[in-house]
2 protein chains.
Amino acid sequence: MISNATRSLSVTDHLRESILSGGLPAGTKLQEVRLSEELGVSRTPIRAALQSLAAAGLLDYVPNRGYVVREFPMSELVDAYEIRGSLEGLAARFAAERGLDDTQRTVIEQSLAAGHDLVTRSTTMNDHILRIVGQTNAAFHDTIMEASLNRLLSQMAQMSFQIPRVSNRNIIAFSLDELRQRHSEHYLIYEALLARSATKAETLMRNHVASVKFAAVRALRETR
Amino acid sequence: MISNATRSLSVTDHLRESILSGGLPAGTKLQEVRLSEELGVSRTPIRAALQSLAAAGLLDYVPNRGYVVREFPMSELVDAYEIRGSLEGLAARFAAERGLDDTQRTVIEQSLAAGHDLVTRSTTMNDHILRIVGQTNAAFHDTIMEASLNRLLSQMAQMSFQIPRVSNRNIIAFSLDELRQRHSEHYLIYEALLARSATKAETLMRNHVASVKFAAVRALRETR
DNA sequence: TCAATTAATTTTGTATACATTTTAAAATTG
DNA sequence: CAATTTTAAAATGTATACAAAATTAATTGA
């Protein structure tokens, strides 16, 4: 189990991971004594974790009845990308308005450099590439979200990812050509941010996420 | 204290209300024993409430250090209306795509009728009007959010309101003229929903919330 | 005097016992 | 036998005792 400052946090991470990975499918009832025996802790940290995951929207809770892994209809998974597009678009706008600090610029430039390397050197698409791309892509998007200086927005963006089957941020393209396209979009967004062109940054980011949506939804439909 | 199925939920509601109303200002440390004595319950429901409010973004939590009412900079309060505009715009789009059921149409039509009454009969702006307007306005927006059939979106919209000083949904206009404008916007949005014009509904809703933002931000700046 | 260390206190984290509610099973009744 | 009621079991909610960490106060030593 993930090691953390408190057992409650460890249990929370563990259960979240189980839900997002599909190990605990929708409809699964999470019972306190059962979990406490399985995970070797008392009911107290279990309850804390369940409450936290319910607040995060992953569990349904009915007083005196307990917690159930909630259902995520396919429509909501697809919607999640629309929502993410709006939120990340806003983040890009705010980041452009407020500017990037040195660290943020560095992180983004490293992410772009890594992306450039991958895109120019690769000859065929494979899982390894997708994994690396997922990392650099996440760094790019997370940094812009951070630069928006808005915790509410960051929290919402976080939520739009913590959904089963959507939480895999690796799939943003299928072919190398698509990947090159995504990379050039990143580059244009970064330019807009540096130029402090708020509206442009927002539009570019929104369209970028819409492009990612194509690949992600295709992956969603294929895996089931 | 608010009566609920469990003490935990009552405490949660009570503390949330205290934070949103400003009774517990930013930076206030919420200590378990102190609260349990004040509210006459054990630490258990107190802890449950604190965890829940932290997950909702109202409290900052540091393991082994406890919970503190988080700071909401003015910029985030203003941003909240931008976020709300995007989210409600999406909700309007989804609602138009998916259609309204009979109950939802009825609720919205009643809200529009009440709004029409108020707008045509009133001669001067006052608190009573604002209160009624707040209610009918909330019914209108909540119903569209519900019709979006997206729980994640609803949850996020909920979050964009549960912010101190933003949580007062009554102020959407200052003059009667502005109020008439808001009302006509509602009417146009409803028309777009009935016509299943998704893009139109989204744009109208986004602009509508932007208009509300003017009044709300003016109120924000005035009250401090 | 003051910095560092130690000790005491306070606060949060966890386990557990008990209370209450829900759910399942058993018994009763028509 | 089916439907209802009663009873038993199991699950969640709450209180409390203890453990561990953090904070504060006291002590020590240069």
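This is a predicted model: local features need pLDDT of at least 70, side-chain atom pairs count only at pLDDT 80 or more; totals for chains, interfaces and linings use all residues.
Residues are numbered from 1 along each chain as its sequence is written, chains are lettered from A and ligands numbered from 1 in the order in which they are written, and side-chain values use heavy atoms, with hydrogens and water left out.

**View 1. The protein around DNA strand C.** Look for the 21 residues that surround DNA strand C, with Arg7(A), Ser8(A), Ser42(A), Thr44(A) and Tyr61(B) the closest (near means a heavy atom within 4 Å).

**View 2. Phosphate oxygens of DNA strand C.** A backbone N or O atom of Arg7(A) sits 2.3 Å from one phosphate oxygen. Arg65(A) instead brings a polar side-chain atom to 2.9 Å from a phosphate oxygen. From chain B, a backbone N or O atom of Glu32(B) lies 3.3 Å from a phosphate oxygen.

**View 3. The two domains of chain A.** Domain 1 (7–69) and domain 2 (74–222) make up the division of chain A, with bounds from an automatic or database domain assignment. Their centres, taken over C-alpha atoms, are 30 Å apart. Domain 1 brings 5 residues to the contact and domain 2 brings 6 (contact: heavy atoms within 4.5 Å). About 400 Å² is buried between these domains, 60% of it from carbon and sulfur atoms (buried area: accessible area, 1.4 Å probe, that two parts lose on being put together, summed over both). There are 0 salt bridges between them (a side-chain nitrogen of Lys or Arg within 4 Å of a carboxyl oxygen of Asp or Glu).

**View 4. Where chain B meets chain A.** Here 35 residues of chain B are in contact with 36 of chain A. The two chains bury about 3100 Å², 56% of it on carbon and sulfur atoms. Ile83(B), Arg151(B) and Leu152(B) supply 18% of the area that chain B buries against chain A, more than any other three residues. The interface has 6 salt bridges. In the salt bridge to zoom in on, the side chains of Arg93(A) and Glu82(B) meet at 2.3 Å, N to O.

Key. A polar contact is a pair of N or O atoms within 3.5 Å; within protein, one must be able to donate a hydrogen and the other to accept it, and residues adjacent in sequence count only if both atoms are side-chain atoms.
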